[in-house]
Amino acid sequence: MLIDCLRQGLRLARDHHLEDPDWLTDAAFAYTEDSIWEPLAPPTHTPTSPGAGPQRGPDTSADALAELLAAIARRQHEHRARTAERLTAVLDTGLLSGELADLALYYRAKAHKDLTRTDEALDGMRRVAEADGRLAPRARRGLAQLARIRGNFPAALAAVPALGWKGRHHRVLGHIWFPHGDIERATAAFEAARAEAEQHEAPGERAIAQTLLALVVAFTDPLRADDELALAHQYLAPLDQRATTYYAAVAALVRDAGTEGDVTDRAAVLHAESTGAGLPWLTPLIEAAVAFHHAVRGAHDDLNATVDRLRQETANGDFAYYVDIATAMGDLPQPAGSAIQWLDDAHTVRERWRGLVTARQDHLRGTQ
């Protein structure tokens, strides 16, 4: 019902050239609350014929809001660089202010994060958090996630108590414990995130939490991972969440690690698809799944090549902890001068990841 009302409101505002979109603000925020991303906004520009020059931009605040929501929804189908460009164009019109401007800033910051433009993402998230509006909890979550991406786990953990449900606190905790190889705590966090999403009747968040749960469980229990992935796909089926479906694909790679299957070929296809979608932040995770596969199989040359690629992909410092993880999986020397600020002793983290490899090897021997 809300989506239908918002569609009708945007159409009325466009057709009657209404200048003030404030009456649509609550509906716009409700639309972005749960990551379902139903098609929404009507075209806001008058199309031009080929060779006739650029399309006309938004003329009114209502036009700008429609373009903002269209850009947010279309990011599931467009390269994230295009999303960032569209949101920048909306902001540059100056037609949006207050909370609606924050909405554009926040989703542009998310696009920058996906594109590994971490400094730009940090700037946008800080601006939204400092505005202390209704998007502040989500922006604070973004800042916590960016601290984790930079390997500053103490800062990420310190931010969690202030996040609450709106800041998806349990999901942030799961993202923190997973790189530590603490699968038990990561699993508990994602289970709590799923339960809270169900309590709040948030199917989009439930699908995200369920998929992340399948990912971490896949490292320890391939049989349970089958069930968790089946449930994740069931939750994802009616939604439009491209990045989450890629998470599910990585979970399937981890579930199959060490087997005679086509893990590396599937990983190469997934890398090409996610990179083509403008989601290069997934590359280190995909490579970590491949490293797990090679470590379980004892394929030392392949593992070393994967670690080398990881070093190149994380040379700017973002997700550099995956290099530490991959070397630990293969019992290779710890990276010299690692700047990762772990919550646990680095040796403990290494032992956990190596233990996951040996446990998978034992599991595969037991199934032969």
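This is a predicted model: local features need pLDDT of at least 70, side-chain atom pairs count only at pLDDT 80 or more; totals for chains, interfaces and linings use all residues.
## Packing around helix α7

Helix α7 itself covers residues 136–149. Of its 14 residues, 12 are buried, so α7 is largely enclosed by the rest of the structure. The buried set comprises A136, P137, R138, A139, R141, G142, A144, Q145, L146, A147, R148 and I149.

The geometry of α7 is close to expectation: its 14 residues reach 20 Å from the first C-alpha to the last, against the 20 Å expected at 1.5 Å a residue. After α7 comes G151, which has a positive phi near 85°.

## Helix α10 against α11

Helix α10 (residues 183–199) packs with helix α11 (residues 203–218) at an angle of about 160°, and their axes are 8 Å apart. Because angles over 145 degrees count as roughly antiparallel, α10 is roughly antiparallel to α11. The crossing in which α10 passes α11 is left-handed.

On the α10 side, the contact is made by I183, A186, T187, F190, E191, A193, R194, A197 and E198. These meet E205, R206, A209, Q210, L212, L213, V216 and V217 in α11. By class, the residues of this contact between α10 and α11 divide into 10 nonpolar, two polar and five charged.

## Helix α10 against α12

Helix α12 spans residues 222–236, and its axis comes within 15 Å of the axis of α10, with a crossing of roughly 30°. The two helices are therefore roughly parallel to each other, angles under 35 degrees being counted in that way. The crossing of α10 and α12 is left-handed.

The contact consists of T187, E191, R194 and E198 in α10, which meet R224, E228, L231 and Y235 in α12. The residues of the contact of α10 with α12 divide into two nonpolar, one polar and five charged. T187, E191, R194 and E198 are also among the α10 residues that meet α11.

## Helix α15

Helix α15 takes in residues 283–297. Its 15 residues should span 21 Å at 1.5 Å a residue, and the end C-alpha atoms are 21 Å apart, which agrees. G298 follows α15 and has a positive phi, near 70°.

T116 has a phi near 60°, a positive value in a residue other than glycine. T116 is located in the loop between α5 and α6. With a relative accessible area of 30%, T116 is partly exposed, since that class lies between the limits of 20% and 50%.

D331 is not a glycine either, yet its phi is positive, at about 55°. The loop that holds D331 runs between α17 and α18 (346–367). D331 has a relative accessible area of 56% and is exposed, because the cut-off for that class is over 50%.

## The chain as a whole

The protein chain contains 18 helices and zero strands. Among its 368 residues, 55% count as buried. Of the contacts in the chain with a separation of 6 or more, 65% are accounted for by residues 24 or more positions apart.

Notes: Residues are numbered from 1 along each chain as its sequence is written. Side-chain values use heavy atoms; hydrogens and water are left out. Helices (H or I, at least four residues) and strands (E, at least two) are DSSP runs, numbered from the N terminus. The expected span of a helix is 1.5 Å times one less than its number of residues. Buried means under 20% relative accessible area, exposed over 50%, partly exposed in between (1.4 Å probe, protein chains only). Axes are lines fitted to C-alpha atoms, for helices over the stretch in contact, and angles run from 0 to 180 degrees between N-to-C directions. Angles under 35 degrees count as roughly parallel, over 145 as roughly antiparallel, 65 to 115 as roughly perpendicular and the rest as oblique. A crossing is left-handed if the near helix is turned anticlockwise from the far one by less than a right angle, and right-handed if clockwise. Contact means heavy atoms within 4.5 Å. Ala, Val, Leu, Ile, Met, Phe, Trp, Tyr, Cys and Pro count as nonpolar, Asp, Glu, Lys and Arg as charged, and the others, Gly among them, as polar.
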